[in-house]
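My entries follow the structure.

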Amino acid sequence: MHTAFAVIEKREISWSSVPKTCKLHARRPARATDAGARAGSMRIRPRQQLLDLWRAVLAFSYQDGTWTWGGREGSNSISDAEQLLCLLYPATEISAFALDQPNEMAADIKATLEAWGEETGIGGVIVALLEEYLARYTAPDGEPLFHAGSYLHADEGRPTDEQLRLEVVDSFSMSLSLCMAALRFLRGFQRSVAGEVRLEAKQLRDRIPPLIEAVGRRLTGAMTGLVRSFVIHTPAPKSPEGRAILTMLNQSRAPLDDVINQLSERLERLRVQAANEVKLSQTREIDVADDERLFECGWGWGIVQSASTIDTVPLRVGHQRGFAESRPYLYFTAVALDGISDLLSQRIRELELLTDEQRTLADALQLRFELARTYWSIIARFGSGRWPLDDIPWRTSDGEESDYYSLAVAAMLVQDLVYRESTDDLARTVRIFDQLARRGRITSRLTGDDPAAELHHPGIRVKLAGSESMADGPRLHWHVSDFATVLMKRCLQAARLRTDVATRDQLITLAEAAMEHLNGRALRDGPGTGLWDDPAPMLRSSKDASGPSWFLTERMMECLVIAYDTFTGPPLAPSAMVSRAIDLLSEAEHLLNQEELRVEGYDATPRHTAVDRIRQSLDRARRVLAERPGTAYSLATQALIELDELAYARQDAMRA
């Protein structure tokens, strides 16, 4: 590590002191269809589990005052961003985990990060980490680098050195999330050191502005790369791609002309919007409004071959050649949507972190975000009977099939519902999640030589069509092993919706089942204890888990952040429970009014004190009735019991 860490106190880290995250309880696997499943599922405790994750990250990455980059897959721009996000994302998404205001840092946060020294020095360590990351992935001429490096694999042999410099959508999306988190941290930390007189604070004040500028340059590059990786694909109905799309959509086996007409009608608004509004970097040859062609949109694996240049962006990524096949990839579309959702969050809008140039790119990304999200939500539920999403496994337009692709489409459907705060078809979507959880061996037993194991390790293999045209190298592929975290993340997000109790209970049960599955894959020994991923215990793999997978660990962290956000929301308020609480409140207030008629004077007698206490309880019940009807019901019940005790005491006194 550079000398930026020289001022940090060095501490020895005892591996035995690092708690194993998400401790496994001896419980049977959960099934959403099992009425008793919740009792047998593993609890999700996001605050404690995030703190455990932070301890494990520091124990592996920060030793003897030096930060070590990389994990099982080596070091590259994506893996290193994932490693850094494991710390920075919770610190900027959850106020209780904030690190930019040292004087307001919680005690358990200080204890967790004690390897970095006193709380006043933690911000300086993060500044140094951001500086080092940017130095590693910025060219001498100042151009941001998004090389995928060791995450790329060749179908035959190994990638060429030039191919290892390919930039994929994961590179852009992960950098976008990292840059937004970094800007939020740096702006807050800049305010915290503004008035300090310590020498270290003065030095930090000088380092932060150029760091913000460098982060902003990388953010611009990431946004540009995502804009140029978006693609609208319009295959002819009789082409191989067109036939694959129609096979998935035609679940009722209707005449193809009828299906095409119905699809054209459902997508008419999207076609018009795409034709009229998608201008930046859009291929001119594509006629989106042509009803005689099919239509799909999303993100390719990288900058697509047909992408136009963006001359207004003075960075190489705005005009460099694209190699990716001009067709949407489900995995990369889902990854892009996640990154853009960080960009479009309400917090970012309120903080005004973007420049004018970045706002233009953000508007372009928001348009593409809405098009892709809406498109896949419509396609997943197309038709009047059986959904295409019910036909597991999903078949992509290039003919590839996998349960993972069904999960990716279901995930985008849930993302659309959450974005619109809609519960339309949520219960039906949960049943699909339940089926996928069983097929993916999240809630069912893994058998010998079970093909479902490949969903988790090594993951599905996504072919990067077009990569072979770079430097005449072999065709590359990408491993995707986040089936369990995608399921957990979308179930927790859907649980935020104001749905019914049974549906939310199913969602939480599935999320807890995924948590239990993932806990079984946490590293238990050696460097990286408490991180992910060791597939051997759960998946009967003989692969040596040498170090953590930042790909899966970062996604596990995202799940815990979403769980924290979900659990801080208000509980459900079913109308039936509200009605029962109102009935009890009505009776209790009527009896209280009668009781107050019998209280003489204003002296603080025991009876007068009891009546005042009951009145306060009922007032409290009225205030929480809309959001917490169960609490209101309990308060009203307790008030009725106390009122009955007063009545009985009065009758008993009369008899005496």
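I took helices (H or I, at least four residues) and strands (E, at least two) as DSSP runs, numbered from the N terminus. The model is predicted, so I noted that local features need pLDDT of at least 70 and side-chain atom pairs count only at pLDDT 80 or more, whereas totals for chains, interfaces and linings use all residues. Residues are numbered from 1 along each chain as its sequence is written, and side-chain values use heavy atoms, with hydrogens and water left out.

I recorded a volume of about 1,400 Å³ for the largest pocket. Of the 49 residues that line the largest pocket, S341, Q493, R496, I562 and D565 are the closest to its centre. A pocket is an open set of points on a 1 Å grid over the protein atoms alone, with protein on both sides within 12 Å along at least five of seven lines; a cavity is a set where a 1.4 Å probe fits but cannot get out, and lining residues have an atom within 4 Å of a point. A volume is the space filled by probe spheres set on the points, which are joined across faces, edges and corners. Elements that each supply at least two lining residues include α3 (77-93), α6 (169-192) and α16 (483-494).

I then turned to the cavities and counted eight of 30 Å³ or more. The largest cavity holds about 130 Å³ of space. Its 16 lining residues include E296, W376, W394, R395 and S397, the closest to its centre. I found that α8 supplies the largest share of this lining, four residues.

The second largest cavity has a volume of about 110 Å³. Here β8 gives the most to the lining, with three residues.

Of the 656 residues of the chain, 57% count as buried, that is, under 20% relative accessible area (1.4 Å probe, protein chains only). The largest nonpolar core has 192 residues, and L99, W116, Y404, W478 and M488 have the most contacts inside it. Such a core is a set of buried Ala, Val, Leu, Ile, Met, Phe, Trp, Tyr and Cys residues joined through side-chain atoms within 4.5 Å. Not counting residues up to four places away in sequence, L99 touches W54, A91, M105, I109, L113, I122, I126 and F185, where contact means heavy atoms within 4.5 Å.

How values were computed: Buried < 20%, exposed > 50% of the residue type's maximum accessible area, 1.4 Å probe, protein only.
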